Amino acid sequence: MFKRVAIIFIISTFLVGCWDERLYKNLSVVSLAGIEGQVGEMKGYYAYPTSPKDPTKYKVIEGEGISPRDVRNSADLKVEQTLDLSELGTILLSKESAKNPIYDFLDVYFRNPENPISSKVALTDGSVKDFLDIGDDLPSDIGEYYLRFIESFERNSIFPKQNIQHICSLFFGKGMDPVLPFLKKVEKDRKPVVGGLALFNKQVFTGTILDPKESLLLVLLMDKKGESARFSYLWENKGKKSPITADVVTLTKRWNVEDKGLTATVRLKYKLKVNIEEFPPDHLHDSEKRIKLEKFLSKKVQKDIEKLLHKLQDAKSDPLGIGQDIRAFHPKLWDDNWGEKFAELTLKPDIKVSIVRTGVLR
């Protein structure tokens, strides 16, 4: 009797179907989605390959509605197969739409278990539709193109490494504001270019964009350095200017909050160990010269970071998460309207650059 039951169980295991089975032949697999407008009047765009042999050929379906889910329902009425977002690589959102709380646009992607939480999110300068028309000479599927585009700048520390799960999780926490990649477009070749990082106050775009150089410094302050983080300056000696480029090897940080009652001074101490990748005058073996270069780089980076911190406070945006430390360890300083409180803090960076590698002359 036991053997019979065991045999029946084994057979049923192999014959049973998957309860959530979805066949690709019945689906249009979307790799890139874009949305613009506002709640009550939205437009959505969904790009999917039209040729299984050539994924670079794609079609864009448009939909309209009162919400992102309603927009997708509208788009579903225009395709012969149901739109499937299980392999969605990137979500594009116009900067005009981001002046409203952006979780209204992202909730449907974050809530639905069929949608990946690894999707990237980026803001566009202008209509999202323009960023779906980027020519026919793509090296890959359009969704994968944008995914790899963003990931390449994460590796170079222009963007922090993040996805929709990380971004939306910030909306449910307190004391740290999100930043999103900002994309511009070159009309000549229709390809996107990096504009920098867009600053947010909670869920709303502040209107402030950090340029790529400022974005790199912010990523370093956030301690989210990618594979490389390069910055360049001009070294002047005896009337001659020479370029110097350093790549951050390691970074250590230490913050100290000095509670002063209604306000506070936050000291942000960072130590950067760098590799010199470019310096034509050379002679970096000379300890005296290296010390001068270290002081020069420390002073330059310090000055740029001071400007960056002023820009963050003017935008009332705290992507560093200083508010999380304040809320946890100095609750009397915390305010639910953290953007206003953050703007009143005294932020004092202390940057020290040390040269630990000098490259190889061949």
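This is a predicted model: local features need pLDDT of at least 70, side-chain atom pairs count only at pLDDT 80 or more; totals for chains, interfaces and linings use all residues.
Let me begin with helix 2, which spans residues 68-76, and in which Pro68, Val71, Arg72, Ser74 and Ala75 are buried. If you look down the axis of this helix, the buried residues fall within an arc of 155°, so they line one face of helix 2. In general, an α-helix has 3.6 residues a turn, so residues three or four places apart point the same way. As for what covers these buried residues, the list includes strand 2 (32-38), strand 3 (41-49), strand 4 (58-65) and strand 5 (82-84), together with helix 3 (103-111).

Is Gln302 buried or exposed? With a relative accessible area of 18%, Gln302 is buried, because the cut-off for that word is under 20%. Leaving aside residues up to four places away in sequence, Gln302 touches Pro349, Asp350 and Ile351. Val353, for its part, is 51 residues from Gln302 in sequence, while their C-alpha atoms are 9.6 Å apart in space.

Now to strand 8, residues 179-185, which is mostly covered, five of its seven residues being buried. On the one hand, strand 8 runs parallel to strand 7 (residues 120-124), the two being joined by two bridges, and here Thr124 has Leu183 as its bridge partner. On the other hand, strand 8 pairs with strand 9 (residues 192-201) in the antiparallel sense over seven bridges, with Lys184 standing opposite Val193 of strand 9.

Finally, the salt bridges, of which the count comes to 12. One of them joins the side chains of Lys174 and Asp336, at 3.6 Å from N to O. Because Lys174 sits in the loop between helix 5 (164-171) and strand 8, and Asp336 in the loop between helix 8 (322-329) and helix 9 (338-344), this pair ties together parts that are 162 residues apart in sequence. Lys174 itself counts as partly exposed, at 44% relative accessibility.

Another salt bridge brings together the side chains of Glu277 and Arg230, at 2.6 Å from N to O. This pair also links distant parts of the chain, with Glu277 in strand 13 (residues 264-278) and Arg230 in strand 11 (residues 230-237), 47 residues apart. Glu277 is partly exposed at 39% relative accessibility, and Arg230 is partly exposed as well, at 41%.

How values were computed:
Residues are numbered from 1 along each chain as its sequence is written. Side-chain values use heavy atoms; hydrogens and water are left out. Buried means under 20% relative accessible area, exposed over 50%, partly exposed in between (1.4 Å probe, protein chains only). Helices (H or I, at least four residues) and strands (E, at least two) are DSSP runs, numbered from the N terminus. The arc is that of the directions from the helix axis to the C-beta atoms. Contact means heavy atoms within 4.5 Å. Two strands pair if DSSP finds at least two bridges between them. A salt bridge is a side-chain nitrogen of Lys or Arg within 4 Å of a carboxyl oxygen of Asp or Glu.
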